[in-house]
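Hello,

Here is the structure I said I would pass on. Please open it and keep it beside this email while you read.

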Amino acid sequence: MAEQPGEQPYGNGPRAREAAARPAGSVGAAIRLEHLTKVYPGGAGPAVDDVSMEIGAGETVVLVGPSGCGKSTTLKMINRLIEPTSGRIRIGDEDVTGIDPVRLRRKVGYAIQASGLFPHMTVAQNVALVPRMAGWSAARTRERVEEMLGLVGLDPGEFRHRYPRQLSGGQQQRVGVARALAADPPVLLMDEPFGAVDPVTRDHLQDELLRLQRELRKTIVFVTHDFDEAIKLGDRIAVLRERSRLAQFDTPEAILTHPADAFVAGFVGSGAALKRLHLARVRDVPVADVPTAHLGDPPEAIAGLLRDGGTGAVLLLDGDRRPHTWLRRGDRPPAPPPAAPAGTPVTGTVPRDATLRDALEAVLTDPAGRVAVTGPRGEYTGVLDLATLRGTVQALLAADRAEALAHQRALRGAHGAGAGTAQEGPGGPGGAA
């Protein structure tokens with residue numbers, strides 16, 4: 001279901017509201033694909049057949065479909081790693097179909113599975129590659145490398161001189177994203193960039209991408225075969241049939257609630273209610289507070305908080321206000337070293353950008369049924385508990401049910417109006433045969 005003229009690009013869900021709240025002047029650029037087609041010599045038919053799509057500036061659109069449907073081919077035609085047989089590609093106000101492809105690729109970031117780093121180059125040299133090709137000065141390039149490594153959560157002092165073989169898979173992917181963003185392109189293309197890492201690292205990288213997008217507001221086109229990943233990351237999802245034909249192009253909320261047909265419903269699969277939790281973020285939910293203290297605070301002060309705090313627990317924070325240890329009634333306050341540590345170490349937190357599904361998993365695995373919420377630098381911002389999550393989930397499902405009923409009533413009304421018109425028209429009773 002392609003977007004109709006005049007349709008708002010983000011729909012009406014929570015991500016629509018977030019997109020509307022983004023500051024004007026987004027650094028992303030709109031992308032327009034016009035009747036894009038790719039035919040390979042000797043092929044039985046087009047690999048990509050007459051695809052038209054509009055992607056808003058600063059929007060994240062995820063292409064999802066079965067293996068071999070043409071989603072990666074469609075992506076690679078945007079930066080002309082694969083040349084289209086026919087059709088046009090517009091980025092911003094420019095038709096890029098006929099310009100020098102090397103110049104185009106310097107304006108479009110590209111991140112792929114397994115990072116694609118050059119093994120003989122250091123991390124800094126990999127990140128600096130495109131700025132140097134673009135003619136940036138050495139000082140500006142060096143500053144940009146430091147900035148990009150910090151942005152993706154890698155300490156420049158520790159990582160700049162390492163080689164890819166000295167990095168974990170997740171660290172390599174972070175460097176790959178830093179390299180793709182180094183020349184500050186308005187568009188970022190990502191071809192299954194997290195597909196080669198383990199599930200835990202993949203979740204962390206997805207959260208990191210969401211955080212980066214909130215800060216940078218690039219236009220991102222992301223290819224995946226994982227519908228859960230599409231729901232988590234996309235402002236809109238394009239579900240593709242064979243030859244990249246659009247089965248449905250809509251917000252995640254709309255696709256989950258109203259799949260266009262059986263093909264799309266097959267991608268949604270079972271557990272739609274749990275998938276819906278990918279669409280709400282911890283930052284959208286009210287968090288509670290608990291008494292906090294810092295490591296090294298006087299034991300008698302901590303004991304007073306345990307006794308009088310009203311929650312039966314105190315969260316100890318480190319020097320950067322990051323959650324460190326839970327103390328509960330019955331635990332003795334921590335004594336100075338070398339005494340054995342008291343309380344329960346914090347082994348898991350959720351960032352404000354995490355989904356409610358991530359938060360639910362963290363809460364369910366905690367003996368006390370709550371999890372600390374952290375800000376961009378890992379600092380404590382509050383606590384989320386099972387009761388709050390349960391109420392939020394019930395409200396989300398109730399809203400979805402109400403929307404589905406309203407949609408069904410609208411469809412019945414439209415069908416009824418159509419039937420009435422048919423009866424009164426020339427083919428109805430009393431009309432011409």
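Below are some notes on one helix, one arginine and a few backbone angles.

This is a predicted model, in which local features need pLDDT of at least 70 and side-chain atom pairs count only at pLDDT 80 or more, while totals for chains, interfaces and linings use all residues. Residues are numbered from 1 along each chain as its sequence is written, and side-chain values use heavy atoms, with hydrogens and water left out.

Start with helix α4, residues 123-133. Helices here are DSSP runs of H or I with at least four residues, strands are runs of E with at least two, and both are numbered from the N terminus. V123, A124, N126, V127, A128 and P131 of α4 are buried. Buried means under 20% relative accessible area, exposed over 50%, and partly exposed in between, with a 1.4 Å probe and protein chains only. These buried residues pack against α5 (138-151), α6 (156-159) and α7 (169-181). After α4 comes G135, with a positive phi near 90 degrees.

Helix α5 contains R144, which is buried at a relative accessible area of 13%. Apart from neighbours within four places in sequence, R144 is in contact (heavy atoms within 4.5 Å) with W136, L181, A182 and D184.

Most residues other than glycine have a negative phi. D184 is not a glycine, yet its phi is positive, about 55 degrees. D184 sits in the loop between α7 and β7 (187-191) and is partly exposed, at 44%. R217 also has a positive phi, near 55 degrees. The loop between α8 (199-216) and β8 (219-224) holds R217, which is buried at 15%.

Regards
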